[in-house]
Amino acid sequence: MWDNGPVSVYFRFYIYAIHGYFTEVMFTAAWEFVVNFNLKFPGVTSVWSLFIYGTSSLVIEKLYSRLKDKCSLPFRVAIYIVWIYTWEFLTGLILRQFDACPWDYSPFEWNFFGLITLEYAPAWAIGALLTEKVLIKHTQRLHFYDITPPPKNQVANGPSKKKKK
């Protein structure tokens, strides 16, 4: 069995993007149930969230790698929240220019331009904590292994040949 090393940044991006996409669908379904008691649990999101969550989680992964031995967990989570709000605001601002922003926090009391809202800070804190402690921790442990044994008549340089006597 040969260890081909840790998974690539592209593979980690894929994992983070799919995870964020799924989490947002589940969060919006739960929100719809709690707020409106909608038993259909209609979770919604946008394809844009794949890029948004994939990129954001890679940045959080990099922040974690640089800060894990220098800062306490609560301080790191605070930094992650600042990053999350900054990224959400910037991506929302860009998408809004094309009438493509899938969220609008205008109905919330503590919103900023309808692109971010402080009411979600506890949810973002829990999400950032789980991202560091579960998602990033386990994604960084992933490796690709080649578990296919070579054929019996083959060595590293090719098939073996018996010498004629």
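Predicted model: local features only at pLDDT ≥ 70, side-chain atom pairs only at ≥ 80, totals over all residues.

Residues are numbered from 1 along each chain as its sequence is written, and side-chain values use heavy atoms, with hydrogens and water left out.

**Fold**
- The protein chain has 4 helices and 6 strands (DSSP runs numbered from the N terminus: H or I of at least four residues for helices, E of at least two for strands).
- Follow the sequence and you get β-α-α-α-β-β-α-β-β-β.

**Core**
- Of the 165 residues in the protein chain, 31% are buried (under 20% relative accessible area, 1.4 Å probe, protein chains only).
- The largest nonpolar core holds 24 residues, with Ile60, Ile84, Tyr85, Trp103 and Trp124 having the most contacts inside it; such a core is a set of buried Ala, Val, Leu, Ile, Met, Phe, Trp, Tyr and Cys residues joined through side-chain atoms within 4.5 Å.
- Helix 2 (48-67), helix 3 (73-97) and helix 4 (121-139) each supply at least two residues of this core, and helix 3 gives the most, with 9.
- Leaving out residues up to four places away in sequence, Trp124 touches Tyr53, Ile81, Ile84, Tyr85 and Glu88 (contact means heavy atoms within 4.5 Å).

Key. Buried < 20%, exposed > 50% of the residue type's maximum accessible area, 1.4 Å probe, protein only.
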